Amino acid sequence: MSFTSDISIVTQALNQFYSDTLAKAKPVLNQQELDHIVADLKLEHYAQNGGLANRDLKQFLDKYLSYVTRLHHANNLGHQCAPPHYSSALGSLVTGFANTVSSIYEMGPASVSLEYFVINWMLEKVGWEKVRIRGNSRHAMSTSGGGVLVNGGSIANLTALTIARSKVVPEVWKTGSPSNLALLLPAESHYALTKAAGIMGIGAQSIYYIDGDETGAIRPDSIPGTFKKVMDDGKIPIALAANACSTSVGIYDPLDEIGDFCRENKLWFHVDGAHGASALLSDKHMGLLKGVQKADSLVWDAHKLLQTPSLCAALLVRNMEHLDQGFQIHQNASYLFHEKHQPGFDSIHRTIETTKSGLGEKFFFVLAGLGEKGLARYIDNQYQLAQEAYTYIREHPNFECPISPQSNILCFRIKGDNALQLHIRNHLTKEGTFYLTTVAFKEKRYLRLVFMSENTTLETVKELVSEIMELSKGIRD
Ligand SMILES: *Cc1c(COP(=O)(O)O)cnc(C)c1O
């Protein structure tokens with residue numbers, strides 16, 4: 001085995017994978033039976049005998065990559081997961097090999113520095129104060145904006161709600177959670193939030209949904225009524241969480257007005273921008289997040305719209321103190337938590353993770369490769385394509401769209417019942433011709449496109465529409 005020869009095998013295999021994907025020489029999806037894949041890749045053989053190098057490595061990779069869902073494929077309209085730019089994959093390779101740890105400064109000064117830079121870059125885009133370093137203890141950051149990179153938007157949302165709870169119930173780490181905590185959510189919120197609430201002991205009965213308009217966006221005039229109900233029920237609201245944008249249909253809540261209400265009522269304002277906060281890079285679309293500065297916390301995933309491999313999510317806060325006081329841990333881990341003189345700082349007391357891989361690298365490599373203007377161009381293109389696809393599909397007599405898209409997510413349905421939509425998706429994904437999802441919105445099932453691949457064009461959408469027309473004829477006959 002040799003690193004340089006094996007890595008060139010990996011490079012060649014990925015290069016072939018990528019050019020096949022761009023040429024549409026392979027299907028976007030290739031879902032074989034799990035047992036078949038386990039056997040075909042000879043997993044048991046390699047586990048017993050080792051030897052995954054040289055020719056074996058090449059054969060293994062060719063097979064392995066044939067079962068990979070191709071996110072760069074033009075016909076990938078499936079999930080919100082980034083087709084990563086290759087430069088960000090290089091960042092992942094580097095941090096994977098060096099195994100940089102970013103939770104303790106001495107374990108990864110380079111990683112912590114990159115994370116610090118990335119967090120500050122994001123804070124600036126939000127319009128919050130950058131992190132200021134004071135002294136060199138682990139309490140190095142003072143009252144300014146702040147944040148931390150974590151493994152995904154779900155953990156970032158859980159972190160946000162955790163620190164909101166610490167603010168609302170300062171003694172919570174001693175006494176445990178009161179049983180009457182509550183959370184206010186938009187009707188179209190991501191289930192990561194209800195999951196986080198459940199983990200924190202806030203059950204479904206203590207989640208209060210705020211009415212939305214016809215697009216599903218929070219109606220500001222319905223917030224006071226929902227808030228009053230929470231109070232009348234004798235509950236303590238830990239936060240109101242808004243979408244920027246919603247996962248189902250990609251709509252932004254009116255953050256400016258929500259922010260005013262939360263300030264007046266001293267309610268923690270959390271913005272779930274896992275998908276759509278990246279619009280802050282775009283001069284054209286940043287207005288969708290107007291008022292985001294009024295939030296107390298914001299989740300922003302790089303592995304969605306910032307061409308970064310999974311996972312790299314930021315939890316940003318307007319006031320660093322809240323994050324610092326969010327986890328009041330008095331654990332017996334004296335090898336980790338002690339005052340030490342060091343030229344940087346630790347973030348271990350601000351995260352759910354203990355060991356945390358280098359996450360700044362993943363995003364920094366693409367930021368440094370494309371520059372922020374390059375990333376903005378990508379976002380503009382993807383949002384624009386959703387608009388063009390909307391115009392095209394809406395004018396087609398056999399199709400309908402529930403709403404005009406605000407982001408790169410577009411929902412539509414072919415005239416017919418809910419079962420027909422599901423049938424069409426199942427057919428397409430089974431054949432591997434197009435990868436798309438479906439979503440229930442206002443009690444109807446829609447086909448859902450997320451424009452993530454740079455290789456998708458309006459031509460792709462036209463091909464999809466005619467494929468769906470063909471399929472629906474077959475189904476109806
Ligand atoms: C994707 C998404 C999440 C979950 O984030 P992960 O990174 O997948 O854990 C949460 N909220 C919204 C709005 C999302 O789009």
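Reply: Leucine 311 lies in the loop between helix 12 (302–305) and strand 8 (313–317). Helices (H or I, at least four residues) and strands (E, at least two) are DSSP runs, numbered from the N terminus. The model is predicted, so local features need pLDDT of at least 70 and side-chain atom pairs pLDDT 80 or more, while totals for chains, interfaces and linings use all residues. Residues count from 1 along each chain as its sequence is written, and side-chain values use heavy atoms, without hydrogens or water.

What is the form of the peptide bond from serine 310 to leucine 311? It is cis, with omega near -10 degrees. Glutamine 307 sits in this loop between helix 12 and strand 8 too. Its phi is near 55 degrees, a positive value in a residue other than glycine. Glutamine 307 counts as buried because its relative accessibility is 2%. Buried means under 20% relative accessible area, exposed over 50%, and partly exposed in between, with a 1.4 Å probe and protein chains only.

Now take leucine 306. Leaving out residues up to four places away in sequence, leucine 306 touches Met122, Ser278, Leu281, Trp300, Phe363, Val366, Leu375 and Ile379. Contact means heavy atoms within 4.5 Å. The largest nonpolar core has 56 residues, and Leu306 is among those that touch the most other members, along with Leu240, Phe269, Trp300, Leu316 and Phe363. Helix 14 (residues 360–394) gives this core its largest share, eight residues. There is also a second, separate core of 31 residues, with Ala197, Ala274, Val299 and Leu315 in it. Such a core is a set of buried Ala, Val, Leu, Ile, Met, Phe, Trp, Tyr and Cys residues joined through side-chain atoms within 4.5 Å. In soluble globular proteins, nonpolar side chains tend to be buried together.

Helix 14 also holds asparagine 381. Asparagine 381 counts as partly exposed because its relative accessibility is 47%. Proline 402 is 21 residues from asparagine 381 in sequence, and 22 Å away in space, C-alpha to C-alpha.

A cis bond turns up elsewhere. It joins alanine 244 and cysteine 245, with omega about 5 degrees. Cysteine 245 is in the loop between strand 5 and helix 11. Those two elements also pack against the buried residues of helix 10, as do strand 3 (181–186) and strand 4 (207–210). The buried residues of helix 10 (223–232) include Ile223, Thr226, Phe227 and Val230. They lie on the same side of helix 10 because they cover an arc of only 100 degrees around the axis. That arc is taken from the directions from the helix axis to the C-beta atoms. An α-helix has 3.6 residues a turn, so residues three or four places apart point the same way. Just after helix 10, glycine 234 has a positive phi of about 75 degrees.

Another positive phi belongs to lysine 442, near 50 degrees, and this residue is not glycine. Lysine 442 is in the loop between strand 11 and strand 12 (444–450). It is partly exposed, with a relative accessible area of 46%. Threonine 437 is in strand 11. Threonine 437 counts as buried because its relative accessibility is 5%. Beyond residues up to four places away in sequence, threonine 437 touches Leu77, Gly78, His79, Arg425, Tyr446, Leu447 and Arg448.

Strand 11 (435–441), helix 12 and helix 7 (153–168) each supply at least two residues to the lining of the second largest pocket. A pocket is an open set of points on a 1 Å grid over the protein atoms alone, where a 1.4 Å probe fits, with protein on both sides within 12 Å along at least five of seven lines; lining residues have an atom within 4 Å of a point. The second largest pocket holds about 370 Å³ of space. Of its 23 lining residues, Gln80, His190, Asp301, His303 and Lys304 are the closest to its centre. By class, its lining has six nonpolar, 13 polar and four charged residues. Here Ala, Val, Leu, Ile, Met, Phe, Trp, Tyr, Cys and Pro count as nonpolar, Asp, Glu, Lys and Arg as charged, and the others, Gly among them, as polar. Volume is the space filled by probe spheres set on grid points, which are joined across faces, edges and corners.
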